[in-house]
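This briefing is meant to be read with the model open beside it.

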Amino acid sequence: MSEIYLDGQFLAPSEARFGPTLFSLNYAVCAFEGIRCYSTAKGPAIFRLDAHLERYRSTCDFLSLESPYLDIDALADAICELVSRSDNHDLYIRPLAFIDEGIMQLGKPPAVKSCIFALPLKSPVDFPVIRLGIAGKARSLDTISRKISRNYLDPYLGLKCKPADVDDLLFLDADGFVTETSAHNIFFIMRDGTAVTPRTSHCLPGITRDCQLKLLVNTGIHVEERNIHVDELASVSACFTTSTASETRIVAAIGPHSLDSNNEIVHGLAEEYRRNVIGKSEINKEWNHYV
Ligand code: PMP
């Protein structure tokens, strides 16, 4: 791991020490982001930095996490500095806002800390092809649209009982409507050639999802954000998942339904997204923040 940013300082990872009374560790009050930096022909490029920081700021507001080090401009500067200080520019960057040590007063939490760390991450050349199972337990919609620690409890517990022959799970709400997978948004290409994805009442408003909605509009394919019932999966022809870390995963099966993993629309979108992140697309150039 490269250096860590903590409240205005850059530290070696071993210098950042926290004990077991961390409020956030005990009570899961924690906001975070997942951002990628790509090494490109024009230098390191952070993908959709502004959109990620806007979502992060709104998550911090939701949890009332206040600190001068969580100001959007301060965060943008810190992230760029962290990238500049790193030898490797293919990075997964995680800003993390959490509450310091002290657990005895839930109503009077200790100070908020602003941390950023980065891990090496390079994309595979080929898009992964995966099989999805359908989770047996409903996903809570309560805070599903926020990037907060507590939202990973359902996926964590679900994945612990995942069958060995699937790679990830599709989670439904209590009424049988599609939400998302463990940590990715989902898009379906229906048999009639239209594309659908759940509304953000049913999933995290993913930044990759937002990119794909725009790329779909550009291709002229009719795309809808709407509730999708599990019974409709029988009418799905192809499917893919989206996330910053994994970009595009092609779904070959969902539960009993086999899908077209060679679908041209899906492969076209996956490739166009890849061109965008590495600054090779002629459109959406504002999505690349060069350091
Ligand atoms: N849903 C969940 C639960 C996630 O954790 C993520 C990010 N890993 C996504 C969707 C995709 O969001 P994004 O495209 O912004 O990475």
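A residue counts as buried when its relative accessible area is under 20%, and as exposed when that value is over 50%, with partly exposed in between. By this criterion, 51% of the 291 residues of the chain are buried. The model is a predicted one, and the points below are grouped by topic.

**The chain as a whole**

- The secondary structure of the chain comprises 6 helices and 17 strands, and the radius of gyration of 20 Å is close to the 19 Å that the globule rule gives for 291 residues, so the chain is as compact as a globular protein of that length.
- Taken along the principal axes, the box filled by the C-alpha atoms of the chain is roughly 55 × 45 × 30 Å.
- Among contacts with a separation of 6 or more, 69% are made by residues 24 or more positions apart in the chain.

**The packing of helices H2 and H3**

- Two packed helices are described by the angle between their axes and by the distance between the axes.
- For helix H2, which covers residues 49-62, and helix H3, which covers residues 72-85, the angle is about 130 degrees and the axes lie 10 Å apart.
- Because angles over 145 degrees count as roughly antiparallel and those from 65 to 115 as roughly perpendicular, H2 and H3 are oblique to each other, and the crossing in which H2 passes H3 is right-handed.
- On the H2 side the contact is formed by Leu 49, Leu 53, Glu 54, Tyr 56 and Arg 57, which meet Ile 72, Leu 75, Ala 76, Ile 79 and Cys 80 of H3; sorted by class, the contact has 8 nonpolar and 2 charged residues, and no polar ones.

**Thr 248, a buried residue in a strand**

- Thr 248 belongs to strand S15, which spans residues 247-254, and counts as buried because its relative accessibility is 0%.
- Leaving aside residues up to four places away in sequence, Thr 248 touches Phe 127, Pro 128, Gln 212, Phe 240, Thr 241, Ala 270 and Tyr 273.

**Ile 278, a partly exposed residue in a loop**

- Ile 278 sits in the loop that lies between helix H6 (264-277) and strand S17 (288-290), and its relative accessibility of 28% is why Ile 278 counts as partly exposed.
- When residues up to four places away in sequence are not counted, Ile 278 touches Tyr 38 and Thr 40.
- Ile 278 and Arg 226 are 52 residues apart along the chain, and their C-alpha atoms are separated by 30 Å.

How values were computed. Residues numbered from 1 in each chain as written. Predicted model: local features only at pLDDT ≥ 70, side-chain atom pairs only at ≥ 80, totals over all residues. Heavy atoms only, no water. Axes fitted to C-alpha atoms, helices over the stretch in contact; angles between N-to-C directions. Helix = DSSP H or I, 4+ residues; strand = E, 2+ residues; numbered from the N terminus. Parallel < 35°, antiparallel > 145°, perpendicular 65-115°, else oblique. Left-handed = near helix turned anticlockwise from the far one by under 90°. Contact = heavy atoms within 4.5 Å. Nonpolar A, V, L, I, M, F, W, Y, C, P; charged D, E, K, R; others polar. Rg over C-alpha atoms; globule rule 2.2 N^0.38 Å. Buried < 20%, exposed > 50% of the residue type's maximum accessible area, 1.4 Å probe, protein only.
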